[in-house]
Amino acid sequence: MAPSGANQEAKITNGRESLNKTTPVEKRPEPLTTGSRFARLTSIGVLLLGVVAGFLYLGGWFSPQKLTPARFADEFERVNSIHSGFRRNHAKGVCVRGFFDSNGQGSRLSKAVVFQSGRVPVIGRFSLGNGDPHSTDALSTVRGLGLQFSLPDGEQWRTAMVNLPVFPFKDPRAFYDNMVASQRDPNTHQPDPAKGAAFLGSHPETARAIAIIKSHPPSSGFDNTAYYGLNAFQFVNASGASAYVRWTLAPVRPYEAGTAASPENDKNFLFDGLIASIHQHPLQWHLVLTVAQSGDPTDDATIPWPEGREQVDVGTLTLDSVESEETSPARDINFDPLVLPAGIAPSDDPLLSARSAVYSQSFTRRAGETKEPSEITPSEVRK
Amino acid sequence: MSAATTTDRQRFPGSMRFLHWLMAVLVLTMLGIGIAMVASLGDYHSLVSIHRPLGIAILILVVIRFVNRQFSTLPPFPPTMSSQERFVAHASEVLLYTLLFVLPLVGWGMLSAARYPIVLFGSLHLFPILPHSVMLYAVLRKTHTFLAYLLFLAFVAHFGAILFHTLIVRDGLLSRMLPRRARAG
């Protein structure tokens, strides 16, 4: 906006002039005409409204169909209803402690302190993959293991793994649409098979992943199954070289298939088995890194990497004590898969950021709620 | 359409103007990132990764700015402003400074209470400033959102006031914050 001619003489051409204290003659501007004033006020209003609208647009206020962390958590709550203080998914669980002994082999792939030779403390939580904190244990229910490694330099590595070799959904939208398609009919209390079939029809990658999952029948317990990190991560070593990696916990206890003879009448048979087992002897897993080759999909957790990829056993996880959620700090840990130490970075897998966002939303909701007693009580873990 | 041109004495010192515009850019970016990240799945992680170090940068800058202000000579309000207007202007400055200081602190505090690692970049992370309590986290998390909306509204009011002075009153209020050669009405 250029000054009007009338004011040109007051223009400062030299900074020193001001030191001479020549306060410029105060000149009132010409009064605005009513029309001009109205136009200017309107422009101001439009500008401010534009700023507010832009801000709300960024916040998704004008896209009610957009999948947000809040809408995701709402859907979990609609399916499971709200259980005060519990996770929106993987609600039933028990907490464990132990340590990870790194053998140093991982430092070839990642500069993360956790892969240097030595021991770091670990706290974790075994869980079942549904939103009901009092569900009845079943072999077919997804088993989860969340871990937090506390590194000596104050960094943390958190991971949330499951006993499925691949994930059934390739992106958050597919996961959400499946939740909607699996909605139980209020009368029959069963999902509508037509909706399930329609979902699989439009998601062939899910059908393929389910076939792979079915070829890995669940083990008899929490302690003799592998847990899979599922998503790919980018590992960066000390010299800056990077590689894509998926990690797996391979159980030291031999796999034993769960059978119909499993005491399914015991509501907590999987958790009770875990508790009894850990009281007998520490539970151990090998942490195995699988290294991708060029062309292996890093953005699709429904697809396994081809057989024969390099596998590096980087150390042993030992879990030697078990605690009820009610007394363990692990209850209050969000096993956000993107809490990573320097040396491990996310891949381009769209599930990772979405998991981080939705876990965070679930954590924020339950953090402020009254904590109801856990199904696996402190007296149960002492048995 | 400039009515009053502005001498150096009627302008904020260069350091204050620099900090003002630097923080204007950072804070507006921060507000945009903040509201976008809580509604985002795919961009959540990258936005959060910017949000945390940027918040700490703003916290450091507002402290520098406050100290710098104590050692600076402020230009007088233009004579067009009544004593009530001056009071409101001053109160809004106090509110803005307070929010720019408290919002990052609440963010740092809430992550501390939840025992999230507060990663700035690489392996550099901040120490927790509050005890571990998820209830405290929940309260501070709500407070953070509330204060962020309040900061946004304070910005809109600040922007509206300067537009009003520039386009309607035309008393050169904005030129106090502009570089020497630039002139605004």
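Leaving aside neighbours within four places in sequence, which residues is B:Arg69 in contact with? Point 1 takes this up.

Basis: this is a predicted model, in which local features need pLDDT of at least 70, side-chain atom pairs count only at pLDDT 80 or more, and totals for chains, interfaces and linings use all residues. Side-chain values use heavy atoms, without hydrogens or water; residues are numbered from 1 along each chain as its sequence is written, while chains are lettered from A and ligands numbered from 1 in the order in which they are written.

1. B:Arg69. Neighbours within four places in sequence aside, B:Arg69 is in contact (heavy atoms within 4.5 Å) with B:Met16, B:Leu74, B:Glu93 and B:Tyr97. B:Arg69 lies in helix H2 (residues 44–70) of chain B. Helices (H or I, at least four residues) and strands (E, at least two) are DSSP runs, numbered from the N terminus. B:Arg69 counts as buried because its relative accessibility is 17%. Buried means under 20% relative accessible area, exposed over 50%, partly exposed in between, with a 1.4 Å probe and protein chains only.

2. Cores. A nonpolar core is a set of buried Ala, Val, Leu, Ile, Met, Phe, Trp, Tyr and Cys residues joined through side-chain atoms within 4.5 Å. The largest has 78 residues; A:Phe72, A:Phe167, A:Phe175, B:Leu41, B:Ile58, B:Tyr137 and B:Leu151 touch the most other members. Helix H4 (residues 134–169) of chain B gives the most to this core, with 13 residues. Apart from it lies another core, of 48 residues, among them A:Trp157 and A:Phe271. In soluble globular proteins, nonpolar side chains tend to be buried together.

3. Helix H3 of chain A. H3(A) covers residues 69–80. Its 12 residues should span 16 Å at 1.5 Å a residue, and the end C-alpha atoms are 17 Å apart, which agrees. The expected span is 1.5 Å times one less than the number of residues. Buried residues of H3(A) include A:Phe72, A:Glu75 and A:Asn80. They pack against helix H4 (172–181) and helix H8 (350–367) of chain A. A:Ser81 follows H3(A) and has a positive phi near 60°.

4. Helix H7 of chain A. H7(A) (residues 269–280) reaches 16 Å from its first C-alpha to its last. A:Phe269, A:Leu270 and A:Phe271 are among its buried residues. The cover over these includes strand E8 (283–291), strand E9 (311–323) and helix H9 (378–382) of chain A.

5. Strand E6 of chain A. E6(A) (residues 233–236) has A:Phe233 and A:Phe235 on its covered face, with A:Gln234 and A:Val236 on the uncovered one. It runs antiparallel to strand E7 (residues 242–251), with 4 bridges. Strands pair if DSSP finds at least two bridges between them. A:Gln234 has A:Tyr244 as its bridge partner in E7(A) and stands opposite A:Ala345 in E10(A). The E6(A)–E7(A) hairpin has 5 residues between its strands, and A:Gly240 in the turn has a positive phi of about 90°.

6. Hairpin in chain B. Strands E1 (residues 118–121) and E2 (residues 124–126) of chain B run antiparallel, joined by 3 bridges. B:Val119 is opposite B:His125. With 2 residues between the strands, B:Gly122 takes a positive phi near 55°.
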